[in-house]
Amino acid sequence: MDKKTYSKLLDSTITPAWLALEQQEIIMNPLTEYVKSILPNKLFRFRECSELSFEALYHDQIWVSAGKFMNDDYDARIYYDDQKIKQNMNELYTDQGMLKVLENNDTLDRAEEAFKNIIPDMAMALSAFKQLSGIDRQAMSVKFKEYINTHSSRILDFIPEVVQNTTKFACFSETIKSAMMWGHYAKNSTGFAVAYDFTTGLEDQEQESYEKVKFNNFPKYCSLFPMLYENKRYDATDYVFYMLKYALVANAARANRYMLPQQFLNAVVPCPDTFMGTKIALHKSTEWRPEREWRLFCSSFDPEFNKKDHSFVVKRPIAVYLGRKISSINEKMIKDIACEKGIPVYRMQMKEQSGRYELQAVRQKK
């Protein structure tokens, strides 16, 4: 992978919420095509031996989990520049202290029109507001600034957890020969690893370029990307500023007993980049570079999917690898599953006569 090319493509891929899904796919295409060109034929998922792991293997399930469950505290956690946020907040006002959005009647006209069919009372309030004098508008600007100053800190304290709690993904490695990976993720080589070929898509029968797996009556959208390892955290300040504005508008309406529909909130405070959550979760410290990790991200418009910390997608494995110290009973259970599926089984061994710290996989007989 050319890190500079990939990093540049990732940063320049911006999918605003106001674009249709078809348009967003067109924007994503250069990045997805590049990722396909560097995608290995095999990616490996390391597992501990447990009933849940065996069931997932048997049912061809890959479980995705929210970032908060990962072993890196920084995983999928937003970083932002607090001083830049304060600067952005100040830029909402004119030099005279007037909230810019309240100064512009054209903006108010659009907001009034948007509210008419959703919250008529709010539309009437905006209509009346347009009749106010400059002095009265100034007074309202001062009140709103007080509201912002009172609530912003609390909201900003909560925001770093939002992406971490809602972004769901599964982790894979490019290598099966790493003793470190077997030690960390397969319980000291007593577990196993599952190999997948994602060059064929998410499901063997999948024909669409943008992977969709049915979840209840909603499609599940999945994408696969390699990690970027850097010394500095990924700066998502602009995205945090959007999240802050979104929360302030929603909370202000709620305080006045208005529950604004999400569609309306998205129209009033549109997301500048729906791809940002994935970008944040694709950056890790260089400490983790030896893992050579790829991540499978999944999302859905299904409310039930978004409420759950864990979910799964379906993908048939192409091979199973047994840890060097796996127990005989666990070895038998995995071999039985693999035999039923018709996939090969390998066992990891040390290269005792090699000067390299590298394991080798040996094909097992049925």
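**Aromatic rings, a buried arginine and nonpolar cores**

The charged end of K284 sits over the ring of W288, at 4.0 Å from the ring centre; a charge is assigned to a ring if NZ of Lys or CZ of Arg is within 6 Å of the ring centre and within 35 degrees of the ring normal. R45 is likewise placed with its charged end over the ring of F172, 5.6 Å from the centre. The model is predicted, and local features need pLDDT of at least 70, side-chain atom pairs count only at pLDDT 80 or more, and totals for chains, interfaces and linings use all residues. Residues are numbered from 1 along each chain as its sequence is written, and side-chain values use heavy atoms, with hydrogens and water left out.

Rings of Phe, Tyr and Trp (its six-membered ring) were paired if their centres lie within 6.5 Å, with planes under 30 degrees apart counted as stacked, over 60 as edge-to-face and the rest as tilted. This rule gives 13 aromatic pairs. One of them, Y242 with Y246, is edge-to-face, with 6.1 Å between the centres and 65° between the planes. The two tyrosines are four residues apart in helix α10 (residues 237-255), and are therefore separated by about one helical turn; helices (H or I, at least four residues) and strands (E, at least two) are DSSP runs, numbered from the N terminus. Y242 is buried, with a relative accessible area of 12%, and Y246 is also buried, at 18% (buried means under 20% relative accessible area, exposed over 50%, partly exposed in between; 1.4 Å probe, protein chains only). Ring pairs also join F44, Y321 and Y346 in a cluster.

R295 belongs to strand β9 (residues 293-300) and is buried, with a relative accessible area of 0%. Its side chain makes a polar contact with the side chain of D75 at 2.7 Å; such a contact is a pair of N or O atoms within 3.5 Å, where within protein one must be able to donate a hydrogen and the other to accept it, and residues adjacent in sequence count only if both atoms are side-chain atoms. A polar atom of the R295 side chain also lies 2.7 Å from the backbone oxygen of A281. Beyond neighbours within four places in sequence, the residues in contact with R295 (heavy atoms within 4.5 Å) include D75, F169, C171, F225 and K284.

A nonpolar core is a set of buried Ala, Val, Leu, Ile, Met, Phe, Trp, Tyr and Cys residues joined through side-chain atoms within 4.5 Å. The largest comprises 46 residues, of which Y6, L31 and F225 touch the most other members.
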